[in-house]
Amino acid sequence: MVNVANDPGVLDAELPAAQALAATPLPTRELVTGVPLSRVLLLPALAGARVHATADQLGTVVTRASVHDTQAGSRPGSRPDSGRELSPDHHVVCLDPAKLAPGTDVRGLVDTLVAGGAAALVVTRTGGTDGTDWRSTGAAAGLPVVLVRGASPELVVTEVLGALLDQQSGILARVDEAHQILVGIVLAGGGLEDLCERLAGFLGGATMVTTTDGRVLARAGSEADLEAAVALDCFDRTGRLVTEREPVGIRDPRADNAGRALVRIVAGQLDHGLLSAFVVDRALTADDVHLLERAATVAALAITKDQAVSAVEGKYRAEFLRDALSGRAGAPAEAIAHAAALGWDIDRRLVVVVAETDEDDAHTTRSPEEVSSLQQRFARAWSQAMAVRDPRAPVVGFSQEVVALHAVPADADTDAVMRAVGEVVRIVRGDGGGGRRTFSTGVSRPIDSLAGLPAAYDEALSAVSVGRQLHGASALTHFDGLGVFRLLSLIPDSADLRRFVEESLGPLANDDLPEHADLRTTLSVLIDTNMNVAETARMLFFHYNTLRYRIAKLEKMLGPFTSDPQLRLKLALALKVHQMRGI
């Protein structure tokens with residue numbers, strides 16, 4: 001059902017055709033593709049008819065009507081409708097029993113009609129009979145029977161088809177009006193939120209616009225409807241619509257997921273995302289999907305307009321932030337005012353957050369266009385996640401990274417900062433579905449003035465680079481957590497580091513034997529505990545004598561590190577370098 005055609009809540013001056021439809025004798029609150037049998041019985045040709053049907057049968061939706069061909073049906077078991085295959089939709093079949101050939105098998109005829117999808121049988125001009133045979137046969141076959149005096153089958157069919165046609169034309173007119181209203185919203189400066197709000201009013205329930213990978217860009221509907229939608233199995237725990245397993249378009253009305261529908265938002269060759277609707281009290285129909293498709297074209301217009309504006313604004317914003325990160329943004333007062341004109345607040349305590357995708361775009365099999373599209377989507381994801389928490393926080397996507405200036409309270413310690421940034425990272429990362437690429441994130445120390453912005457940017461870059469080396473893909477690293485690795489990362493030639501590790505650790509530099517990794521762990525814990533044998537044995541769950549044996553073996557391989565502090569320092573550095581990936 002498309003409420004745009006019949007919802008009393010939208011019968012206003014904006015939809016003038018609604019007033020005309022509301023005055024018709026056939027209400028249009030049911031499926032727009034047909035009229036319920038109970039409403040068909042209100043037609044003038046069926047006035048005074050005797051109806052033999054259950055309440056459930058009266059709710060069957062009629063989609064067409066036909067006159068039974070008595071010549072084709074004069075033989076027992078023959079099919080009506082001139083011998084043609086009946087459509088599987090629900091239709092009303094009308095016949096005049098006086099025109100049936102003598103000896104017609106009434107039960108066979110009714111069974112054939114039921115098999116063809118008949119919603120009801122209208123028997124006209126009963127000729128003074130009480131229609132007992134038709135009534136009992138219909139009841140046995142589960143087919144409603146309507147007994148009429150005076151009206152011809154052709155008149156009944158004409159009125160049913162007229163009612164269906166009136167309803168369909170009215171629906172099409174109102175869908176077109178709805179489309180014009182939605183276009184008007186965009187042309188008047190409205191955005192996706194306004195579009196979703198009006199669409200939710202048309203359809204009922206909740207509506208959403210998401211990216212191609214399921215991140216919600218805009219949504220509308222009552223709080224209860226939105227909560228019911230997000231609770232569905234098509235959303236993951238992060239609130240992302242799992243687009244990779246949700247079908248697009250019309251669904252089987254008998255399916256459990258018939259209360260939701262998705263259509264693509266496409267402009268030319270560009271796929272901008274999905275427009276979806278969620279209702280809880282009915283199944284969405286082909287007409288609902290048609291309205292969604294019309295609305296999707298309007299959403300594409302809104303998105304294209306926003307992208308054109310954002311492209312211009314983004315250029316100036318990126319240039320300003322690039323200047324600020326390099327210390328060329330001018331005097332602090334001028335830079336703060338310029339940022340405010342761009343919608344940013346940088347006059348507060350901040351940390352610089354740098355996020356880089358773990359995939360090396362410089363050595364990839366993807367096309368340049370695909371890489372650019374993925375990077376733009378990555379930048380939009382960060383912008384959306386940050387905007388929910390801090391709409392005035394600067395977020396810009398560069399060619400290889402996304403940089404965000406995250407505001408932090410004056411009393412926030414490192415743990416508090418990492419929790420706040422980690423929440424944003426969790427939202428951007430989602431569950432990894434929808435084509436999302438993994439990324440690593442680096443966080444700088446807090447700064448209280450713009451003068452510290454270039455140094456903070458360098459800290460965040462070091463944190464993301466070294467963090468990926470230490471922890472692998474998807475690392476989230478604070479600059480203060482780098483320790484000595486900050487210095488090691490400054491050495492540009494990784495070959496020098498590899499030689500240092502091999503010279504210092506000897507055979508322990510590789511894993512040719514399984515015990516090498518075990519011995520490196522023992523050595524690392526010994527150094528970390530300042531050669532406290534008892535504490536090391538406790539931490540490694542070794543017997544004291546076992547550990548003494550291992551120490552003797554290590555000294556035989558590496559030298560007297562237990563008594564030589566310089567050797568211990570060398571080994572400690574070699575172990576740190578060995579932890580770094582890509583060395």
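Predicted model: local features only at pLDDT ≥ 70, side-chain atom pairs only at ≥ 80, totals over all residues.
A salt bridge, as the word is used here, is a side-chain nitrogen of Lys or Arg within 4 Å of a carboxyl oxygen of Asp or Glu. Residues are numbered from 1 along each chain as its sequence is written, and side-chain values use heavy atoms, with hydrogens and water left out.

Let's start with the overall picture. The protein has 19 helices and 16 strands; these are DSSP runs numbered from the N terminus, with at least four residues of H or I for a helix and at least two of E for a strand. Of its 583 residues, 47% count as buried, meaning under 20% relative accessible area, with exposed being over 50% and partly exposed in between (1.4 Å probe, protein chains only). The accessible surface comes to about 27400 Å², and carbon and sulfur atoms hold 54% of that; such areas come from the Shrake-Rupley method with a 1.4 Å probe, and for residues only the protein chains shown count as cover. As for contacts (heavy atoms within 4.5 Å), take those in the protein with a separation of 6 or more: 68% of them come from residues 24 or more positions apart.

Four strands form an open sheet in the order β9-β8-β11-β10, with antiparallel pairing; two strands pair if DSSP finds at least two bridges between them. At the edges sit β9 (216–220) and β10, each pairing on one side only. On average, neighbouring strands of this sheet are turned by 20° against each other, direction ignored. Angles like this run from 0 to 180 degrees between N-to-C directions, using axes that are lines fitted to C-alpha atoms, for helices over the stretch in contact.

Follow β11 (residues 270–278) for a moment. It pairs with β10 (residues 260–267) over 8 bridges, and with β8 (residues 206–210) over 5 bridges. Where do these pairings meet? Alanine 277 in β11 is the bridge partner of alanine 261, and alanine 277 is also the bridge partner of threonine 207. The hairpin of β10 and β11 has 2 residues between the strands, and there glycine 268 takes a positive phi near 65°. Lying across β10 and β11 is helix α9 (residues 286–325), which runs at about 40° to β10.

Back to the salt bridges, then. Side chains of opposite charge can pair when their charged atoms come close. Aspartate 213 and arginine 215 do this at 2.6 Å, N to O. Is this pair buried or exposed? Aspartate 213 is buried, with a relative accessible area of 1%, and arginine 215 counts as buried at 11%.

Arginine 240 and aspartate 236 form another salt bridge, at 3.4 Å, N to O, and both residues are buried. Last stop: Asp233, Glu246, Arg251 and Arg260 are linked in a network of salt bridges.
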